[in-house]
Amino acid sequence: MAASAGVSASTASRALNGRGELSAATRAAVQEAAERLGFQPSPLARSLRTRQTYTVGFVVPDVASPFYAASLKGAQSVLETAGYRVMLMDSELSVDGEVAALRTLVNHQVDGLLVATAGVGAEDFEELVGAAGTPCVFLDSVVDGAGAGAVTLENHAGIALLVEHLREAHGHTRIALLAGSQQETSGVERLEAFVEATSPEPELIRVCTWTQEAAAIETRALLELEPRPTAIIASSAELALGCLAACRELGVRLPDELALACFDDPYFGHLLEPSLTAVGYDTGEVGRSAAALLVDAMRDAGLDGAEARREVRVPVQLVRRRSCGCEGEA
């Protein structure tokens with residue numbers, strides 16, 4: 001390629017990488033030759049020269065989750081524009097799996113990490129990631145005080161919206177919560193918000209893993225209470241699906257006998273019967289914001305005066321549908 005442009009290899013390299021004082025004509029000749037020949041720079045050669053791998057590790061609890069799939073898509077769009085590729089790892093909702101994934105990515109010398117933690121402890125995280133000096137940004141669920149930043153949802157505001165709607169619009173006073181895992185930020189904050197908003201009897205709170213099966217079990221237990229709740233809030237779409245399954249099994253009609261609303265508005269929420277009232281948000285924005293914070297952190301890595309840890313909260317909104325008793329989406 002350098003020969004085709006009539007320049008030395010070092011001049012061609014400087015022209016393609018925007019370095020050095022070269023004339024506009026020389027840069028144009030190199031660019032034209034590169035395009036004509038279909039030249040692609042070698043990522044391996046670049047990483048050897050810069051001591052960067054231009055890869056980012058992305059650790060999620062469940063790659064099958066629509067939330068994490070959309071977050072990945074959003075993050076990838078930002079990272080690819082900045083010149084990075086993504087290595088995706090699934091921790092399988094396990095702390096041990098998360099530790100193994102982090103160790104693998106650090107050993108592969110990724111330039112940065114995006115992590116939705118399944119509950120790894122601060123000490124283990126610092127030993128794995130902090131010691132290596134790898135910039136990390138958390139999304140959805142965080143390790144308190146660790147990493148360069150975090151992007152989470154407005155969990156408290158979302159639960160407050162659901163409680164207020166069930167009370168004010170439909171008159172419910174005996175509201176139960178299917179709370180997710182308390183090892184993760186989203187589960188903890190949503191439970192805290194529910195307690196603040198309702199001061200519930202303990203029997204109305206059911207903590208379970210983020211699975212349909214666990215939610216179905218806890219829904220059956222709630223429906224055996226006397227008096228039983230007249231409304232249930234599910235802390236995620238998966239838990240809402242488990243609740244729906246249990247209600248169908250027991251012949252409980254929604255919303256006539258029980259109202260249901262959930263945190264997370266899945267893409268298929270309007271297709272369910274009844275359609276699902278939910279708290280929605282821009283899932284892609286979670287990934288885009290986290291990736292943008294990470295790109296800044298990677299650029300600042302090793303520099304004096306690097307920015308302090310940054311946190312972003314993604315706003316939420318209520319989507320009214322028939323599972324709570326509303327007529328339709330509004």
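**The whole chain**

Keep in mind that this is a predicted model. Show the chain as a cartoon to begin: its secondary structure comes to 12 helices and 12 strands. Of the 330 residues, 48% count as buried. As for contacts between residues with a separation of 6 or more, 68% are made by residues 24 or more positions apart.

**Stop 1: serine 91**

Select serine 91, in the loop between strand E2 (85-90) and helix H6 (95-107). Is serine 91 buried or exposed? Its relative accessible area is 2%, under the 20% cut-off, so serine 91 is buried. Show what surrounds this residue: leaving aside residues up to four places away in sequence, serine 91 touches Val59, Val60, Pro61, Gly97, Glu98 and Ala118.

**Stop 2: glutamate 92**

Move on to glutamate 92, which lies in the loop between E2 and H6. Glutamate 92 is exposed, with a relative accessible area of 63%. Check the backbone here too, as phi of glutamate 92 is near 55 degrees, a positive value in a residue other than glycine. Most residues other than glycine have a negative phi.

**Stop 3: leucine 102**

Next, select leucine 102 in helix H6. Leucine 102 has 0% relative accessibility and counts as buried. Which residues does leucine 102 touch, not counting those up to four places away in sequence? They are Val59, Leu113, Val115, Phe125, Leu128 and Val129. Val59 is also on the list for serine 91. Draw a C-alpha to C-alpha distance between leucine 102 and serine 91: they are 9.2 Å apart in space and 11 residues apart in sequence.

**Stop 4: glutamine 109**

Follow the chain to glutamine 109, in the loop between H6 and strand E3 (112-115). Glutamine 109 is not a glycine, yet has a positive phi of about 55 degrees. With 57% relative accessibility, glutamine 109 counts as exposed.

**Stop 5: helices H10 and H11**

Colour helix H10 (residues 212-223) and helix H11 (residues 237-250) separately. How do they pack? Their axes are 7 Å apart, at an angle of about 50 degrees, and H10 and H11 are therefore oblique to each other. The crossing of H10 and H11 is right-handed. To see the contact, show side chains on both helices.

**Stop 6: two cis peptide bonds**

Finish with two prolines. Proline 227 sits in the loop between H10 and strand E8 (231-234). The peptide bond joining glutamate 226 and proline 227 is cis, with omega about -5 degrees. Proline 255 is in the loop between H11 and strand E9 (259-263). Here a cis peptide bond joins leucine 254 and proline 255, and omega is about 0 degrees. Most peptide bonds are trans.

Technical notes. Residues are numbered from 1 along each chain as its sequence is written. This is a predicted model: local features need pLDDT of at least 70, side-chain atom pairs count only at pLDDT 80 or more; totals for chains, interfaces and linings use all residues. Side-chain values use heavy atoms; hydrogens and water are left out. Axes are lines fitted to C-alpha atoms, for helices over the stretch in contact, and angles run from 0 to 180 degrees between N-to-C directions. Helices (H or I, at least four residues) and strands (E, at least two) are DSSP runs, numbered from the N terminus. Angles under 35 degrees count as roughly parallel, over 145 as roughly antiparallel, 65 to 115 as roughly perpendicular and the rest as oblique. A crossing is left-handed if the near helix is turned anticlockwise from the far one by less than a right angle, and right-handed if clockwise. Buried means under 20% relative accessible area, exposed over 50%, partly exposed in between (1.4 Å probe, protein chains only). Contact means heavy atoms within 4.5 Å.
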